[in-house]
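This report describes a single protein chain through its secondary structure and side-chain contacts. The sequence and coordinates are shown first.

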Amino acid sequence: MHSEPLQLPDRQPTLRVVPMPADLNQNGDVFGGWVMAQVDVAGAIPAMRRARGRVATVSVNSFQFRQAISVGDIVSLYAEIVRVGRTSITVRVEVFAERHHDRPIVVRVTQAELTYVAIDESGAKRELSAE
């Protein structure tokens, strides 16, 4: 898959990571599961802030891998809340990779939407406070 060069969004990423050789599959690309875990962490951050407490992932509504991620890519994850329900928060996460550091290029590699539910100390679902 080929994608046109992009610029990173004009805001701070929710999370920024660099994959290591241990994160690679047999083809030399980063494991999809590693990417999914990073997306889940990034999505949980705004959900926890909005919930003002613990959240649990209840649904991966969509997940699209557009391009592979390689060792050495700087991976930036941008998460934003798109829906708030009585107990749930839906978050969209976009993932960009900065690669070819001698001739920098930015590509969108993944996009996803996840739903989290607010939970109390015992792990039971709880209602969100009004914003």
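## Basis of the model

This is a predicted model, in which local features need pLDDT of at least 70 and side-chain atom pairs count only at pLDDT 80 or more, while totals for chains, interfaces and linings use all residues. Residues are numbered from 1 along each chain as its sequence is written, and side-chain values use heavy atoms, with hydrogens and water left out.

## Sheet and helix

An open sheet is formed by 5 strands in the order E1-E3-E4-E5-E2, with antiparallel pairing. Helices (H or I, at least four residues) and strands (E, at least two) are DSSP runs numbered from the N terminus, and two strands pair if DSSP finds at least two bridges between them. Strand E1 (15–17) and E2 stand at the edges with a single partner strand each, so one side of each lacks a neighbour in the sheet. Strand E4 (residues 88–99) is joined to strand E5 (residues 105–118) by 12 bridges; Val93 has Ala112 in E5 as its bridge partner.

Helix H1 (residues 32–51) lies across E1, E2, strand E3 (74–84), E4 and E5, at about 130° to E2. Axes are lines fitted to C-alpha atoms, for helices over the stretch in contact (heavy atoms within 4.5 Å), and angles run from 0 to 180 degrees between N-to-C directions. Arg50 lies in this helix and counts as buried because its relative accessibility is 13%. Buried means under 20% relative accessible area, exposed over 50% and partly exposed in between (1.4 Å probe, protein chains only).

## Salt bridges

The whole structure holds 6 salt bridges, each defined as a side-chain nitrogen of Lys or Arg within 4 Å of a carboxyl oxygen of Asp or Glu. One of them pairs Asp73 with Arg99, with the closest N and O atoms 2.8 Å apart. Asp73 is in the loop between E2 and E3 and Arg99 in strand E4, 26 residues apart; both residues are buried.

Glu127 and Arg86 meet at 3.1 Å, N to O. Glu127 lies in the segment after E5 and Arg86 in the loop between E3 and E4, so this pair ties together parts 41 residues apart in sequence. Glu127 is exposed at 52% relative accessibility, and Arg86 is exposed at 55%.

Val60, in strand E2 (residues 55–65), is partly exposed at 45% relative accessibility.
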